[in-house]
Amino acid sequence: MTIELAHPSARLLSVGDSAWTVEFGNGIDPAIHGRVLGFSSLLDTLSSDGRLDGVVEWVPTFRSVTVHFDPLRTDAMALHDLLAELAGRSGSVSAAGSRWHIPVCFDAACAPDLDDVAAAKGLARDEVVRLMTETVFTVYMLGFLPGFPYLGGLPEALDMPRLASPRKVVPSRSIAIAGRMCAAYPWESPGGWRLMGRTPVRLFDAANARRPALLAPGDQVVWEAIDLDAFDALERDCAAGRFDLSSLLKEGEAA
Amino acid sequence: MSTVVEIIDAGLAVSVQDRGRTGYRNIGVPVSGALDPVLMAAANALAGNASEAAVLEVGLSGPSLKALSGTVRVGLSGEMGAQLVNTRGQVLNVAPWHTATLFPGDVIRVGGVSHGVGYVALSGGVQVAEQLGSRSTYLRAAIGGVQGRAPRVGDRLQCDAVRGDPWLEFRARAPWHHDTGPIRVILGPQEDHFTPDALASFLSKPYAVTRDMDRMGLRLDGEKLVHNDKGAEIVSDGVAPGTIQVPANGQPIVLMADCQTSGGYPKIATVIRADLPRLAHVRPGDELRFVAVSHAEAAAALREQVQRLAEWVGMIQSFRPPGVIDEAALYGANLICGAVRGDEWNLHGVNLQYGAHHV
């Protein structure tokens with residue numbers, strides 16, 4: 001973990017009478033996200049010391065942290081001043097959380113858009129898979145759906161716009177790309193991102209109250225290619241509860 | 001004592017809700033919860049429950065419930081009545097804002113809600129399993145509710161037996177009325193993405209409610225809200241129920257309880273907490289007007305709402321329904337008793353003590 005001090009001041013934005021957004025910048029950028037993680041980490045510390053009375057929870061995004069509070073328990077303007085002060089000294093956290101090695105099947109059955117992406121980019125299919133599996137992705141934030149991670153780090157060679165016409169149904173656990181982002185759909189849902197593969201691993205489990213979402217902001221993700229047989233076998237194991245998620249964390253790589 | 005009711009008609013747009021699920025928005029889990037927490041609290045007060053006990057939220061037509069064991073008190077809030085069919089085959093009308101007590105074998109058929117939402121509270125609350133700290137239903141991810149879904153025919157819901165006199169019913173002195181007038185908002189977080197004319201339109205022109213509304217959001221239609229050169233897309237940031245986002249077409253969408261935790265459209269303003277429940281009751285074609293207020297005004301409005309609800313609850317009356325008039329005479333009691341809810345009461349987590357007298 002590296003801590004840097006002396007940052008430009010953050011902006012505080014109203015999200016109604018029950019939330020403030022502390023904004024560190026406008027773009028998708030590791031430096032801005034480092035400040036998001038640094039500020040969230042400071043809030044974690046203060047909250048566990050019981051020093052954030054009336055704060056309900058906070059939501060880190062690419063470039064900001066939205067702090068939800070109870071206006072009957074804390075004065076909005078007093079909290080505003082506290083958050084502004086904290087944002088000025090929270091520093092930046094550039095180290096990653098856990099590094100996950102997650103199996104993904106890139107077979108055409110699991111990756112309906114992979115061949116189109118390869119053709120559009122003038123790349124061989126294997127080359128696309130190589131780019132997808134050699135990249136260390138960073139979890140910027142979770143949103144859109146419970147457990148849906150936005151992953152930064154997609155190589156420019158795979159930069160493609162969203163589909164002109166979104167799919168009505170994206171199969172759950174699809175791995176998808178759009179622009180310079182990668183993502184994983186925990187649930188079957190509509191979606192406009194290009195489907196590049198599918199993981200057998202459950203990305204969200206509400207019954208796991210301690211860690212319902214597999215990934216957290218700041219985590220790193222590496223996709224590991226598996227074939228269709230391995231996908232089917234692992235999918236059965238995961239559905240039967242016979243898969244140990246901690247096996248996805250390689251020895252010595254946990255933060 | 002534990003008591004069970006069986007769903008014999010699931011109704012339409014019925015779901016289990018409570019105050020909602022906080023603490024998981026950082027991993028993308030919406031808050032959900034009652035669209036109108038005030039009416040949820042009102043139904044609970046009638047049924048003798050804590051204000052945030054889980055209830056059945058009715059979006060269109062109410063469910064029919066049969067008591068299987070024990071006595072169950074059912075409290076109704078919103079513009080929604082019911083019929084009670086007892087084991088002797090008698091059909092008794094239950095007016096809105098009243099309770100009805102079910103003995104084993106009795107059936108209550110909750111009617112349609114004329115607009116907006118109504119709430120059905122059961123004594124002791126609807127005791128489905130909590131998931132991630134709440135019983136609220138979030139259908140898209142199958143979290144909360146009855147095993148992640150809406151109630152179905154044949155489901156059995158656990159609640160508590162009535163404590164005290166099961167022949168007594170309760171009713172509000174008067175229906176709850178939400179505030180009227182423009183919907184109060186706090187501008188931002190991206191009011192700087194709009195032209196001065198757009199901001200002026202938003203705060204002066206009417207915006208009509210369209211048919212496109214659900215627990216996630218409410219699309220409005222009115223004078224186009226033009227984005228300035230900062231554009232109609234932003235890098236996603238946090239939203240909350242009440243946030244008004246404006247996509248490129250310039251037509252506002254008010255986010256509701258099941259909304260996503262972040263969004264990529266500029267957000268012109270956010271409805272204050274005190275006024276958000278009003279949006280659960282709008283109908284297509286209704287015209288909304290918005291007015292900007294300060295944080296201090298918003299907090300005062302919320303405190304005032306909590307106080308007004310406390311007073312409303314304090315005026316709940318007990319009565320003996322006509323069917324039990326003879327029993328009542330035997331008791332020699334007044335047919336209309338005074339206020340009866342002296343319990344500790346809370347809304348939005350604030351506890352209020354009443355000096356109401358018990359019967």
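Visitor: Where do the bounds of the domains of chain A fall?
Guide: First, a word of care: this is a predicted model.

Visitor: How many residues of domain 1 of chain A are charged on the side that touches domain 2 of chain A?
Guide: Here 6 residues of domain 1 of chain A are in contact with 5 residues of domain 2 of chain A. On the domain 1 side, 4 are nonpolar and 2 are polar. The number of charged residues there is none: the side has no charged residues.

Visitor: Which element gives the largest share of the side of chain A that touches chain B?
Guide: The contact between the chains takes 41 residues from chain A and 40 residues from chain B. Elements of chain A that give two or more residues to it include β1 (11-14), β3 (55-60) and α2 (76-89). The largest share is 5 residues, and it comes from β3(A).

Visitor: How many Å apart do the C-alpha centres of domain 1 and domain 2 of chain B lie?
Guide: In chain B, domain 1 has two stretches, 2-174 and 315-352, while domain 2 covers 183-294. Their contact takes 15 residues from domain 1 of chain B and 12 residues from domain 2 of chain B. The C-alpha centres of these domains lie apart by 32 Å.

Visitor: What span does helix α3 of chain B reach from its first C-alpha to its last?
Guide: Helix α3 (residues 295-314) of chain B has 20 residues. At 1.5 Å a residue, 28 Å is expected. The span of α3(B) is close to that, at 29 Å.

Visitor: Why do the buried residues of α3(B) line one face of the helix?
Guide: The buried residues include B:Leu302, B:Val306, B:Leu309 and B:Val313. An α-helix has 3.6 residues a turn, so residues three or four places apart point the same way. Seen down the axis of α3(B), the buried residues line one face because they fall within an arc of 165°.

Notes:
Residues numbered from 1 in each chain as written. Chains lettered and ligands numbered in written order. Predicted model: local features only at pLDDT ≥ 70, side-chain atom pairs only at ≥ 80, totals over all residues. Contact = placed C-beta atoms within 7 Å. Helix = DSSP H or I, 4+ residues; strand = E, 2+ residues; numbered from the N terminus. Domains from an automatic or database assignment. Expected span 1.5 Å × (residues − 1). Buried ≥ 20, exposed ≤ 12 C-beta atoms within 10 Å, placed from the backbone. Arc of directions from axis to C-beta. Nonpolar A, V, L, I, M, F, W, Y, C, P; charged D, E, K, R; others polar.
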